[in-house]
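Subject: Structure for your study

Dear colleague,

Please find below the structure that I am handing over to you. I would ask you to look at it first and then to read my account of what was found in it.

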Amino acid sequence: MKKELELFNKLSALLLKAEKDQPVATPIPAERLLETLDISLQDTPVSEAYFEKTLEALVINTPRTASNLFFNQLFGGRKPKATLGDLLAVLLNNSMYTYKVAGPQVGIEKEILHRICDMIGYGNDSDGTFAPGGSMSNFMAMVMARDAYNDTIPHEGVQQKLTLYTSAESHYSIPKNAAFMGIGRKQVRYIDTDEQGKMIPSKLEAQIKKDREDNFHPFFVNATAGTTVLGAFDAIPPLSKICKKYNLWLHVDGAYCGGVIFSKKYNHLVDGLEETDSFSVNAHKMLGTPLSCSIIVTKHKKYLYDSFSNDAAYLYQTDGDDYNLGKTSLQCGRRNDALKFWTLWKSVGTNGLESIINHQFHLSEVAREYINNHPDYTLYSFKDSISVCFNYKNIPAQQLCTALYKQGSLMVGFGHFNHTEFVRLVTINSGNSKEEILNFFEVLENFVAKHPELKAPEVFQQ
Ligand SMILES: *Cc1c(COP(=O)(O)O)cnc(C)c1O
């Protein structure tokens, strides 16, 4: 293994240098991938030297998500202490299902879950687990809600016409999960949002009433803390009031911005969280751990066990259920996603996590201020959001973002709201400073100046 670790150090050094010297890797067009890199697998081994060269080429040609010109996704940057934790998790290679096999790693996972449950006021009956991503966290919440609504479903299958509610701006995993869990995509009700992308509670209540009259069985509401495009926060208190009135499970999908629970300055955005039934957050988004690190907690430990435990005499041979985490997880064998978040949290403290969150909002303010002070830009997003959505000189966002990517200049994506398409700058890399945000605009403007073919459609030019 020593040889491989040496090679790993060498490859790491190569990558870190490349990230600095050329923050955006020149992309290989997908149709030319196989002729550019030797990816094919053969019957015979390759020499060590060739193996090393091939890995170098692979590293150099992979998109650089930790660089200061990567703004494309709801993650970015690198927290060295978190990366260290994940490297250790790979080296240790435990499976999180039993205390016998994972030992202290179980304690690490439980400590994170308990601290989060405490922080959001979930009380003594709460518990949680790490899921393979935010989509699967939502899935687990939806399954718990389904089984809490009708505990015969895990045995008999779904026989009622169940309906569930989410905003029109919520994540696509909600309908996908509805399909997985035997409820059906057609039973998802998309509730309209206001002009800032937040679910309108009165529309939710009206739809629930209508469905009850039509003999449907409403069972679940998904609120979003940080919608995927605008970064909007659904207001929890009015939603929880409705859910209590009609006896529906309320989940908060905080995959993107649930990290605000760590900030005294911004946790008001999820006021009322203690009144909800479940909450999920991706530490690999705002908290900056490597992918993936997704946490789901519920106020009702009972439902987590009821929906996800299954006896297995060959697996659970020692220790109590509280230490055999396989009793509450989606998977059987499960990688250790907790350690990378724990190494980060341990090293910077809860105050350090708060600084990360506050800094991301600060960077978004820098970006909005720049846009507001420059008349060539139009802003489409709102305050208290780390998604900064804009257009520049009315250039079609898709065309602009694609050209920036293909020429290896800048990684940024686009989205739309209310039939308007725009560039979405995500200020989630807390390793960035004001300088890098201003540099983003400079790179974009210089690029447009050099590419006269990028211009507003004619309707804007009159
Ligand atoms: C990213 C995201 C998800 C999905 O999380 P994955 O880890 O990518 O599966 C779900 N909901 C919201 C609001 C998100 O932003």
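Two strands are said to pair if DSSP finds at least two bridges between them. In this predicted model, β7 and β8 pair in the antiparallel sense, and five bridges join them. One of the residues involved is S278, whose bridge partner in β8 is T298. Strands of a sheet pair through backbone hydrogen bonds, either parallel or antiparallel.

The sheet

β7 and β8 belong to an open sheet of seven strands, in which the order is β2-β8-β7-β6-β5-β3-β4 and the pairing is mixed. Which strands stand at the edges? They are β2 (127-131) and β4 (188-191); each has a single partner strand, so one side of each is left without a neighbour in the sheet. From one strand to the next, the twist averages 20 degrees. Helix α7, residues 134-149, packs on the sheet and touches β2, β3 (162-167), β5, β6, β7 and β8. The direction of α7 makes about 150 degrees with that of β5.

The annotated lysine

The loop between β7 (278-282) and β8 (294-298) holds K285. An unreviewed UniProt entry annotates K285 as "modified residue: N6-(pyridoxal phosphate)lysine". Is K285 buried or exposed? Its relative accessible area is 14%, and because buried means under 20%, K285 counts as buried. Leaving aside neighbours within four places in sequence, K285 is in contact with L74, F75, A255, Y256 and I428.

An α-helix has 3.6 residues a turn, so residues three or four places apart point the same way. Just after α11, N247 takes a positive phi of about 60 degrees.

Aromatic pairs

How many aromatic pairs does the count come to? The count comes to 19 aromatic pairs. One of them is edge-to-face: F262 and W345 lie 5.1 Å apart, centre to centre, with 90 degrees between the planes. F262 is in the loop between β6 and β7, whereas W345 is in helix α13 (residues 338-373), so this pair ties together parts that are 83 residues apart in sequence. Both F262 and W345 are buried.

Y380 and F422 form a stacked pair, with 5.4 Å centre to centre and 25 degrees between the planes. Y380 lies in the loop between β9 (377-379) and β10 (387-392), and F422 lies in strand β12 (residues 420-426), so the pair ties together parts that are 42 residues apart in sequence. Y380 counts as partly exposed, at 24% relative accessibility, whereas F422 is buried, with a relative accessible area of 1%.

Finally, one aromatic cluster is formed by F71, Y370, Y377, F390, Y392, F440 and F441.

Yours sincerely,

A colleague

Conventions:
Residues are numbered from 1 along each chain as its sequence is written. This is a predicted model: local features need pLDDT of at least 70, side-chain atom pairs count only at pLDDT 80 or more; totals for chains, interfaces and linings use all residues. Side-chain values use heavy atoms; hydrogens and water are left out. UniProt positions are given in the numbering used here, feature names are shortened, and annotations may be inferred rather than shown by experiment. Helices (H or I, at least four residues) and strands (E, at least two) are DSSP runs, numbered from the N terminus. Buried means under 20% relative accessible area, exposed over 50%, partly exposed in between (1.4 Å probe, protein chains only). Contact means heavy atoms within 4.5 Å. Axes are lines fitted to C-alpha atoms, for helices over the stretch in contact, and angles run from 0 to 180 degrees between N-to-C directions. Rings of Phe, Tyr and Trp (its six-membered ring) pair if their centres lie within 6.5 Å; planes under 30 degrees apart count as stacked, over 60 as edge-to-face and the rest as tilted.
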